[in-house]
Amino acid sequence: MPQSQPKIIIVGGNFAGLNAAKHLSARHFSVTVIDKQADFEWLPHIHELISRHKKAEQLRHNRQQLVKRMGHSFIQNSVIAIDKTLQTIQLATGEILHYDHLVLAIGNSNILSKVEGASQYAFSFDSINDAENAAFQLQRLDSLSLASRPIVLVGASIEGLEVLGEIIRRYQRQWRFKLYVVDAAPVLMANYQGLDAYLKQKCAHLDIEWHLGQSVKQVNKDSVELSNGDILPSRVTLWCAGAMPSALLVAAGLTAAHDTLQSIVDTHIWLAGDCAELPTAIAKQAYHALPMGKLVAQNIKRYQQNRRLSTFNALPIPSLMSFGEMGFLLAKSHALASPSFIAAKEGVFQANFNLIKLPSHSQEWLGLKSSLQQSGLNMAKLAKNTWHNGSLLEAHYFPAT
Ligand SMILES: Cc1cc2nc3c(=O)[nH]c(=O)nc-3n(C[C@H](O)[C@H](O)[C@H](O)COP(=O)(O)OP(=O)(O)OC[C@H]3O[C@@H](n4cnc5c(N)ncnc54)[C@H](O)[C@@H]3O)c2cc1C
């Protein structure tokens, strides 16, 4: 490898980081991807681990293999410090690595550490392991012989509602929980008229109590204390609320980026995905993280060639949200509810997840074929729930507020 190749270090190898690596040629750059976890994880479907509609292995790819295929190096380690002056990063194991360009794609951190007792007693959904752990706790609680089985779910925006939907999907036939839902917002999905009432009505047959407009003061082993003084009993506390910038970026003063994704304080540092705070805020979504990774790669090439950098324009794509077997398309002007959006979400997942690891030999082509066949069957089943004798079974419209 010629000495003159610029050295690019990418910290974080999920949606944004991996896509940046994919768009940097190993012929022109010496690229190293560093991630603390061994596997790429498809986070947008981890809530389905609760209902067992997905298994953990369906949501993972081995990162070492993916990065090797791109012709780059992978290090499984945690980056604990960045020295902008020396252009180095430090790994948790002590090694210091030099970079010409540093790409930060490390996502956001959970706010658990900011609420007393939450890190100790609440289960979050930041990774596949977290979601599996939460699923196990729910299953264990369901199987115990107890007079009551209280659960507190903190956070009822998209992530929290997707988790709630899967709990209902898995346990509604024999509902034995008392579920308390807490959120600081006074209504669910306040951007759309009527969606709050619709979602609550979908759960009306279950023992669910809503504590909206409340925040959590403290989490204890068997209760959750709210800011208004209410104490909710809890055998399992699930945490789907709030995110904050990673301590690594805050310590280095590196959270903000221009709309070219170049750091506002250092021309050799780039931010992509959820960790990038842009001049105009965008939703923290995988469908933004992927093109941000690609743009960072393109802009590093432009920078090297002294060309003008391109700016990131977030595509105005509607989000897809699941609520058990009901899917929602969330657009700027309206939301639509129909089971067919579950099939659409599954389609988006299957296409993109498989594209991340294109097969390189016959065994992998066979694996891809069987995975796509399975997903075709799943989608056909889902579509059957939507249409009956040529008419749409259930579809609802909610205008934006
Ligand atoms: C339950 C749930 C449902 C979601 N649903 C959707 C959806 O329907 N559609 C959608 O588009 N998005 C959805 N999202 C959001 C989506 O998952 C994120 O926007 C996306 O993962 C962001 O990608 P990223 O690459 O920026 O960061 P991440 O995917 O968070 O990846 C960051 C990576 O950095 C690594 N890392 C962090 N710190 C360090 C360090 N110090 N050293 C080394 N490595 C480090 C982590 O291990 C991780 O691999 C959902 C998220 C969740 C949790």
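1. By class, the shell around the ligand consists of 16 nonpolar, 11 polar and 6 charged residues. Here Ala, Val, Leu, Ile, Met, Phe, Trp, Tyr, Cys and Pro count as nonpolar, Asp, Glu, Lys and Arg as charged, and the others, Gly among them, as polar. Please keep in mind that this is a predicted model, in which local features need pLDDT of at least 70 and side-chain atom pairs count only at pLDDT 80 or more, while totals for chains, interfaces and linings use all residues. Residues are numbered from 1 along each chain as its sequence is written.

2. In total, 33 residues surround the ligand, and the closest are Gly12, Asn14, Pro44, Gly107 and Gly273. A residue is near the molecule if its C-beta atom, placed from the backbone, lies within 6 Å of it. Two or more shell residues come from each of α1 (15-22), β2 (30-35), α6 (158-171) and α9 (286-304). Helices (H or I, at least four residues) and strands (E, at least two) are DSSP runs, numbered from the N terminus.

3. The protein chain divides into domain 1 (7-108 + 245-304), domain 2 (111-239) and domain 3 (319-399), with bounds from an automatic or database domain assignment. Domain 1 and domain 2 each give at least three residues to the ligand shell.

4. How far apart are the C-alpha centres of domain 2 and domain 3? They lie 26 Å apart. Across this pair, 14 residues of domain 2 are in contact with 11 residues of domain 3 (C-beta atoms, placed from the backbone, within 7 Å). On the domain 2 side, α6 and α7 (195-202) each supply at least two residues, and α6 gives the most, with 7 residues. That side of domain 2 has 7 nonpolar, 3 polar and 4 charged residues.

5. Now for a sheet worth a look: 4 strands form an open, antiparallel sheet in the order β21-β22-β23-β26, where two strands pair if DSSP finds at least two bridges between them. β21 (319-323) and β26 (396-399) are at the edges with a single partner strand each, so one side of each has no neighbour in the sheet. From one strand to the next, the twist averages 20°.

6. Strand β23 (residues 334-338) is joined to β26 by 4 bridges, and the two run antiparallel. His334 has Pro399 of β26 as its bridge partner.

7. Helix α10 (residues 340-356) lies across β21, β22 (326-330) and β23, at about 75° to β22. Axes are lines fitted to C-alpha atoms, for helices over the stretch in contact, and angles run from 0 to 180 degrees between N-to-C directions.

Methods:
Two residues are in contact if their C-beta atoms, placed from the backbone, lie within 7 Å.
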